[in-house]
Amino acid sequence: MAEDGRRGQEEDRGPGAAHHAFVVMESLLEKLKVLNYEEEVLSKHNMKNLSRHYFVSGPYLASNPGEQFYMFTIIAAWLINMAGRPFTEPQEYDEPNATVSNILAELRAFGVRVDFPPSKLKSGSGEYVCFVLDRLAEEALRRRGFTFRKPNYPSETTEEESVLEDDTELTLSRVEDELIDEGDDEEENVMDLEALKLRTEPSSKPDDILESAVDAAEWNLEVERVLPQLKVTIRTDNKDWRIHVDQMHQHRDGIQSSLKEAKTHLDKLQEDIGKTLEKVSSREKYINNQLEHLIQDYRSAQAKLSEAKERYQQASGGVTERTRVLAEISEELEKVKQEMEEKGSSMSDGAPVVKVKQSLTKLKQEIVQMDLMIGVLEHTLLQAKLREKSNMTRDMLATNIPEPAAGPFA
């Protein structure tokens, strides 16, 4: 049931949960650097620095489960000691289940809820390994009194870039703006004149025609001096469809002109390739005609070679079979030789005869002993019979004693 619950939670976490371990591992690496794990752990055990995704398991990440599990246990033991709880540093050949159980027990002692089986940590990588190390690192940092604060970003002052405008060129938009401003000024001036006419009396018209007192040469010099400033440059707008149409026509003309030049070269190249192919085909026919008899000889030689190979295979098959039969006969011959050697050695060896003689001597001695025992037993039996006979005779005599006769005193 617990596993079903965890599976449901993993499914509810969303599609980004599979990549959460990468974020946790990067955060863990920063915490380990703060705790100075390079000098206190890596230098002590002569290990290389951890990569950003060392404890993250994935199909595209190189992994060494034995090395990762040993590194996990070493770092976990060091973090537990840094957090203020004594923990013996595990060895490389310790029982993995016992080591993982001890680490999880210490993690529960810190108040961390552990809702996954210990077997998840035996691979030395994965989401749960990163979770355990990250929580232990937090406990170690809390013991040191270190906390991560939010970064203070300096306020950036945006300096307005001074754009140097060319006095000789005016954009169309600027000209329009200036014209609009001038129009507004003129309207304001008109309004002021009308108000002035209402407030003042009408002025008298000039009696003479106004004539300029400026010299024509000086006027021309002034015109030449301010002429560059009066130059109007209209910049093209890329969003205008007419410009795009003109560019399309230009590109089409360029493509047609390039196509005409390329077509002549391609036609010439095609003609050259066709002539070359004709020469190659004619040369090939000539060579085939010249080498026809050699090809026939080669084909006949190939046929003879295939026949010879077939005969060789058949002969090699017979040789293999005869070799197998010879091996069986040789094995049987070795067995017969071994049996003959064993029988010959048993016939030439006098040890069995000596054993028989010793057995006969021992048997004779036992027969003599048995004869003595039999004689003793017969003598004992004879004495018992004689004793029994004498006892029977005495009993019979005792029963046949005559009674005394009655006397005068009876």
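**Entry 1: the chain as a whole**

I began with burial and noted that 15% of the 410 residues of the chain count as buried, where buried means under 20% relative accessible area, exposed means over 50%, and partly exposed lies in between, with a 1.4 Å probe and protein chains only. I am reading a predicted model, in which local features need pLDDT of at least 70 and side-chain atom pairs count only at pLDDT 80 or more, while totals for chains, interfaces and linings use all residues. Residues are numbered from 1 along each chain as its sequence is written, and side-chain values use heavy atoms, with hydrogens and water left out.

I then looked up the secondary structure and found 11 helices and 0 strands, taking helices (H or I, at least four residues) and strands (E, at least two) as DSSP runs numbered from the N terminus. Read from the N terminus, the order of elements is α-α-α-α-α-α-α-α-α-α-α.

For contacts, meaning heavy atoms within 4.5 Å, I noted that residues 24 or more positions apart account for 67% of those in the chain with a separation of 6 or more. The chain exposes about 34800 Å², and carbon and sulfur atoms supply 56% of that area; accessible areas come from the Shrake-Rupley method with a 1.4 Å probe, and for residues only the protein chains shown count as cover.

**Entry 2: salt bridges**

I used the rule that a salt bridge is a side-chain nitrogen of Lys or Arg within 4 Å of a carboxyl oxygen of Asp or Glu, and the count by this rule comes to 12.

The pair I looked up to start with was Glu-26 and Arg-52, whose closest N and O atoms are 2.5 Å apart. Glu-26 lies in helix 2 (residues 20–34) and Arg-52 in the loop between helix 3 (37–45) and helix 4 (65–82), so this pair ties together parts that are 26 residues apart in sequence. Glu-26 is partly exposed at 30% relative accessibility, whereas Arg-52 is exposed, with a relative accessible area of 52%.

Next I turned to helix 6 (residues 127–144), where Glu-139 and Arg-142 both lie, 3 residues apart, about one turn of the helix. Their salt bridge has its closest N and O atoms 2.9 Å apart; Glu-139 counts as buried at 13% relative accessibility, and Arg-142 counts as exposed at 51%.

In helix 10 I found Arg-324 and Glu-328, 4 residues apart, again about one turn of the helix, with side chains that meet in a salt bridge of 2.8 Å, N to O. Arg-324 is partly exposed, with a relative accessible area of 42%, and Glu-328 is partly exposed at 40%.

**Entry 3: surface patches**

Patches are made of residues with over 30% relative accessible area and no salt bridge, like charges being joined within 9 Å and nonpolar side chains (Val, Leu, Ile, Met, Phe, Trp, Tyr) within 5 Å.

Leu-266, Leu-269, Ile-273 and Leu-277 make a nonpolar patch of about 400 Å². Of these I followed up Leu-269, which is found in helix 9 (residues 241–290) and is partly exposed, with a relative accessible area of 46%.

Glu-334, Glu-339, Glu-341 and Glu-342 form a negative patch. Here Lys and Arg count as positive and Asp and Glu as negative, while His and the chain ends are not counted; the place of a charge is taken as NZ of Lys, CZ of Arg, CG of Asp or CD of Glu. I located Glu-339 in helix 10 (residues 292–348), and Glu-339 is partly exposed, with a relative accessible area of 47%.
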